[in-house]
Each structure stands twice: as C-alpha cells, then as structure tokens.
2 protein chains.
Amino acid sequence: MTLSEEDYIKAIYHLGKGENTTVSTNAVAEKMDTKPSSVTDMVKKLSEKGVANYKPYKGVSLTEYGQKIALALVRKHRLWEVFLVEKLDFSWDEVHEVAEQLEHIKSEKLVDQLDKHLGFPQVDPHGDPIPSKNGEFKKAVKRLLNDVPIGTSGICVGVKDSSVPFLKFLDKNKIALGDSILVMDKEEFDESLHIKIKENDIHISNQIASNLYLKITE
Amino acid sequence: MTLSEEDYIKAIYHLGKGENTTVSTNAVAEKMDTKPSSVTDMVKKLSEKGVANYKPYKGVSLTEYGQKIALALVRKHRLWEVFLVEKLDFSWDEVHEVAEQLEHIKSEKLVDQLDKHLGFPQVDPHGDPIPSKNGEFKKAVKRLLNDVPIGTSGICVGVKDSSVPFLKFLDKNKIALGDSILVMDKEEFDESLHIKIKENDIHISNQIASNLYLKITE
DNA sequence: ACATATTTTTAGCTTTGTCTAAATATTTTT
DNA sequence: AAAAATATTTAGACAAAGCTAAAAATATGT
C-alpha cells in the first residue's frame, strides 16, 4: 500500500488529538500500519515542505500550515460522511471507508457546494463536529448519558458495558449507535431518565444510561 | 504526473471510440501526454493482467474484462457529472476535471446509490449516455439541429460556425452549450424551426440551426 | 524493391515510497 | 551510573512508473 502525504498529515493530526502535540515516529507507523523507517523518511520530506516540524529522535508535529491542511481534510471527510448517510442512505458504520477516499478529491468549489447542499451541517453522523471553511470548530465532548443535564442533545456513540445481555437489551429497545438522543427529563424518584431517541419517547433507568456514551451536539 | 492503470484503460477505450478497436502506442501516449515507451511498459502489464490484448508493434485493444472496467469508469464519470450539475450547481463546463477524480472512487454501493439518488439518469450533462450497471448503453448520436425530425430531443453540444458574430447571436438568444432542446415543429414556408430550449419556446432560422450540433437523447 | 522516414520497443537510468537489517540514541532498570 | 531494553535513524535494496537515447520493426515514396 502506498500512502500519500495527506495520509501522514492526518495521522499526525489525529494522534495529536487535534492539539498540536508532538507525536512519535513509532506511533505514526503503528497507526498507519507501516514501518517506522518509512515514517522517518516521509516526515523529513514534510518538514522540508513546511508542513511538519521534525527533530530527529524528538518526534514530529504539524506546522500551522500543516494543521490547516489537516483541518481541511477533516472537514471534507465529515461532510462526505453526512452526504453518504443523509443522501445516499448509507448506514452509520459504512461511511468511513468511502469517505476516506472522497476526502482526497481536490476542488474547493466541490466542498463548498457540498456543504451548502447538505444545509451546512454542524456534526457528522458520528457526532463529531465539522470544521468551518476557515478551520474553526469546537471539540466534541463525550459523556455518559446519565452525566449530562436536561436539554442536552447528542449522538449515541458507544457503550461501556459490551456484554451480550446489555447489547440485546439495547436492540430490543431500539437503541443503536448513531442514534440522536435528547435528554428531556430526569426522574429522581425511580432513578430514571426520559429521553427522545430518533423521534421516540422512552424511559430508561440510570443504570442503563450510565453505560451509554453520548457525543454532545448542543 | 503518475497515471493509473485505470487511466490507461480509459484512454484505450476512448481512442477506440467504444468499439473494440486496436489503437497504437503513439496514439495512447499522445492522448495521455506521456511517452510511447511508458505506454509500452504499462500495456505489457495490462496484458499480463488480462485487461488488454497486446502484440508488439501491432497496437493494443481491451479484452472483454478490460471493456467492463472501462464501461464502469464511464458510468461513474457520467453519474458524477450529473450529480455535480444537478445537485451542486456546477456548470456544464466545470464538471469534467472533478468527475475525473471522482470516477476513481471504489465502492459499488456508492455508485448504485448515487444512480438512485439522481433518479437513474440516462444521459450526462453533455448529452452522452450513461451505461447501465451491467454495461449496456446506446451510443450517442450527434447531428446538426436542422437534420433531425420533429419530436427529437437532445442537448446542444457544439457549433459549426464559431465566429464571434454567431456566438454573440447565440448569447443574445440565450442559447448555450449544455442546454436541452426539443424540436417542436418545422416551418417550410420561412425555413424556420420551432424549438423548446430550456423551458422557452423560440423560433430560429434553418440557417442558424444548421450551425448547431445536437446530441440526441431520444 | 530499395532507401528513407516513421513508429515502436528495448536498455539503462531516475524518482518516489517502502522495506530490512544494522547502527545509533534514548529511556528504563537495577 | 552502567547495563539492558526500547525507540529511531541510516544505509542499502526493491518495485513501480517514468524518461532518454539507441536499436529494431514497420510503413512510405519513388
């Protein structure tokens, strides 16, 4: 497999969790499923191009220019994910691989028009925020469902308890990853939560809620 | 510039005009803006892979398998062009470059869903037919507007007379490349044509019509 | 049909991204 | 603080796609 400069930039960006952290050659290699020596080579080149800061043995980080490129890639990736889910009926978990390809298409007009076509969405189907054209965005916050205040809305992105009985319970109650959730009320009396999930009103126990992760949208 | 196998397949396909004609190494090189020696190398590889038939000094053609690949690329290219024009408000002449990139995205589901999303279009914005999923399609026919029978519809794709006065005339009468045209009636008396062009009814002289090329849709 | 012109291929070199194995730095352990 | 373990880089080789220049095959003109 032959990787592009953009792939390296993305890997460095994501390993740094969006902050401009310095990451190790090995970490990049592992993430990209390649060898550390290949990373060293590429990172030298990125450094020459003014995309990354690289000090031998000390790791690598993105320059401001490199971060801009990374943000533009994230923006494209997430917009395409929205497109695939909203317009082409892809499911939550099918989009990543295709978006991974689409994000490399080069056309500023394409991205801007796509954004418009989708109604300027704020988050992707996984609840992650979409950077604006000039690279601004708030970081996604992930919380357990029973830890957020009334009125919070977000997207169900994971479970703490992944035992079979719990997953079966979720299935039976039509709760799935990718569903959007709004916390409507909290009932102290029986320790339960009143939520709206994908247009349905349901009640769930705090017990259940404390095993569901929510990526907060608003 | 580094070209992909798919680019070579497309070039061979288009030079052969969709028929399975044998084309010369030089022709491919010229079309792709590369050197004949590079073409020889790649064509050998395509031959080994069962995509092309190649006899040294005798030119190259596509195998059935190669044609399938070519048709799939054409299908993708044209569907994306429709998408760009219909959904993202690209103009007729801006789509090619972007579609050239998009056609290389690999996902069968993506293409099928895109086709559905667009309402299974039969032709692209240039009036060229879109192959079906299994590679069937009728070749586009290009005619002068005054040579087609009443009832013919198609897309305006070119001019015979490209003088400035003629182009100005077209502009003034809101006739542009990419417009869809339906021939409604012919008037022998004053040698004119009654056409519907982009929802507008207009009359034009045979003189004018004999300088406009139509790609026939139906 | 022969000489000339053109086309196409071959041989060898370049570049880019990758890999392995050895060498060098850095970090951790004792 | 020295030894051992780990991380990182360097050196050298490989594969893919491309190019130039020379050689070989085919086509053309008289």
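1. Basis. The model is predicted: local features need pLDDT of at least 70, side-chain atom pairs count only at pLDDT 80 or more, and totals for chains, interfaces and linings use all residues. Residues are numbered from 1 along each chain as its sequence is written, chains are lettered from A and ligands numbered from 1 in the order in which they are written, and side-chain values use heavy atoms, with hydrogens and water left out.

2. Interface extent. Chain B places 20 residues in contact with 20 residues of chain A (contact: heavy atoms within 4.5 Å). The buried area between the two chains is about 1,700 Å². Buried area here is the accessible area (1.4 Å probe) that two parts lose on being put together, summed over both. Carbon and sulfur atoms give 66% of the figure for chains B and A. Leu88(B), Gln101(B) and Lys109(B) supply 27% of what chain B buries against chain A, more than any other three residues.

3. Two salt bridges are counted between chain B and chain A (a side-chain nitrogen of Lys or Arg within 4 Å of a carboxyl oxygen of Asp or Glu). One pair in a salt bridge is Glu94(A) and Lys109(B), with the closest N and O atoms 2.9 Å apart.

4. Elements on the chain B side. Helices α4 (64-86), α5 (95-102) and α6 (108-117) of chain B each supply at least two residues to the side that touches chain A. Helices (H or I, at least four residues) and strands (E, at least two) are DSSP runs, numbered from the N terminus. The most comes from α6(B), with five residues.

5. Cysteines. Zero disulfides are found over all chains (a pair of cysteine sulfur atoms within 2.5 Å). Cys156(A) is buried, at 1% relative accessibility. Cys156(B) is also buried, at 2%. The classes are buried under 20% relative accessible area, exposed over 50% and partly exposed in between (1.4 Å probe, protein chains only).

6. Ser153(A). This residue lies in strand β4 (residues 153-159) of chain A. Ser153(A) is buried, with a relative accessible area of 15%. Leaving aside neighbours within four places in sequence, its contacts include Ile181(A), Leu182(A) and Lys215(A).

7. Backbone points to check. Most residues other than glycine have a negative phi. Asp33(B), not a glycine, has a positive phi of about 55 degrees. Asp33(B) sits in the loop between α2 (25-32) and α3 (36-48) of chain B, and is exposed at 73% relative accessible area. Lys198(B), not a glycine either, has a positive phi of about 45 degrees. Its place is the loop between β6 (192-197) and β7 (200-205) of chain B.
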